[in-house]
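I opened the model today to look at its sheet, its helices and its ligand site. My entries follow.

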Amino acid sequence: MASGPSLRDDISDVIVTEEQLDAVLDRLAASITADLAGCDPVLVGVLTGAFMFMADLVRRLDFPLQIEFMRARSYGEDTRAGELTIVMDLSCEIAGRHVLLVDDILDSGHTLAALARILQQRGAASVRTCCLLDKPARRAVAFEADYVGVRIPDRFVVGYGLDYAHHHRHLPFVGVLRPELYRDQHQESSQRHEVRSSDA
Ligand code: 5GP
Ligand code: MG
């Protein structure tokens, strides 16, 4: 195949390299193993952003567990926790089960806080949360994840599961898009809003 323009060229700054992701995943897997091995937990990935993180994380967990996914929709940055809608639900009962919610990034905190509360209300024996990335500067609700991969500054990032207008999810690292690509869309803030509101 002829070598054309590379998606890598769309990235101005790499925030988390593939090598760093490897080390972060090893560390998270060790902590999760210490806490959850032996209780046959349900790992719940939040689609779509967590698909790659989930796949790499579970390959490092050498104990029995169940893999599930949920998809939620929120309505922009002002979303209150109660306004989150589940558009794809679990395929199993979680009453009495130990749950680990796995998401790509903890931003305002609304998504993980709301999902954790919903699973608790369904009678889960315990609900823990894990995020690959954490932007503490953006937190709108008092919520911290139990397992945090990397704390990053308040920048809109793509790659390793995270998208901008449905693209760039499959980059194997986390980076910041070149600003021209936002400007080309002539509507950065509404695009960002749309990304957030269509897929929590
Ligand atoms: P929260 O409910 O914590 O505000 O939102 C978390 C969700 O917002 C993430 O799962 C992700 O889908 C989206 N999000 C937050 N920050 C970013 C970002 O920097 N880049 C991308 N692509 N999505 C983000
Ligand atoms: Mg998400």
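I set my terms first: two residues are in contact if their C-beta atoms, placed from the backbone, lie within 7 Å. Axes are lines fitted to C-alpha atoms, for helices over the stretch in contact, and angles run from 0 to 180 degrees between N-to-C directions. Helices (H or I, at least four residues) and strands (E, at least two) are DSSP runs, numbered from the N terminus.

This is a predicted model: local features need pLDDT of at least 70, side-chain atom pairs count only at pLDDT 80 or more, and totals for chains, interfaces and linings use all residues. Residues are numbered from 1 along each chain as its sequence is written, while chains are lettered from A and ligands numbered from 1 in the order in which they are written.

**Entry: sheet.** I looked up the strand order. The sheet is open, has 6 strands and runs S4-S3-S2-S5-S6-S7 with mixed pairing. I count two strands as paired if DSSP finds at least two bridges between them. S4 (85-88) and S7 (147-151) are at the edges with a single partner strand each, so one side of each has no neighbour in the sheet. On average, neighbouring strands are turned by 30° against each other, direction ignored. S5 and S6 (residues 126-134) pair in the parallel sense over 8 bridges. I noted one partner: valine 99 bridges to valine 127 in S6.

**Entry: helices.** H1 (residues 18-36) lies across S5, S6 and S7, at about 165° to S7. H3 lies across S2 (42-47), S3 (66-73), S5 and S6, at about 165° to S5. Which strands do the buried residues of H3 pack against? They pack against S2, S3, S5 and S6. Buried means 20 or more other C-beta atoms within 10 Å of the residue's own, exposed 12 or fewer, partly exposed in between, with C-beta atoms placed from the backbone. The buried residues of H3 include His110, Thr111 and Leu119. Glycine 123 follows H3 and has a positive phi, near 95°.

**Entry: ligand 1.** I found 20 residues around ligand 1, the closest being Asp107, Ser108, His110, Thr111 and Leu162. A residue counts if its C-beta atom, placed from the backbone, lies within 6 Å of the molecule. S5 (98-106), H3 (110-121) and S8 (157-158) each give two or more residues to this shell. S5 gives the most, with 4 residues.

**Entry: phenylalanine 173.** I found this residue in the loop between S8 and S9 (174-177). Phenylalanine 173 is partly exposed, with 18 other C-beta atoms within 10 Å. Its C-alpha atom is separated by 5.3 Å from that of glutamate 18, 155 residues apart along the chain.
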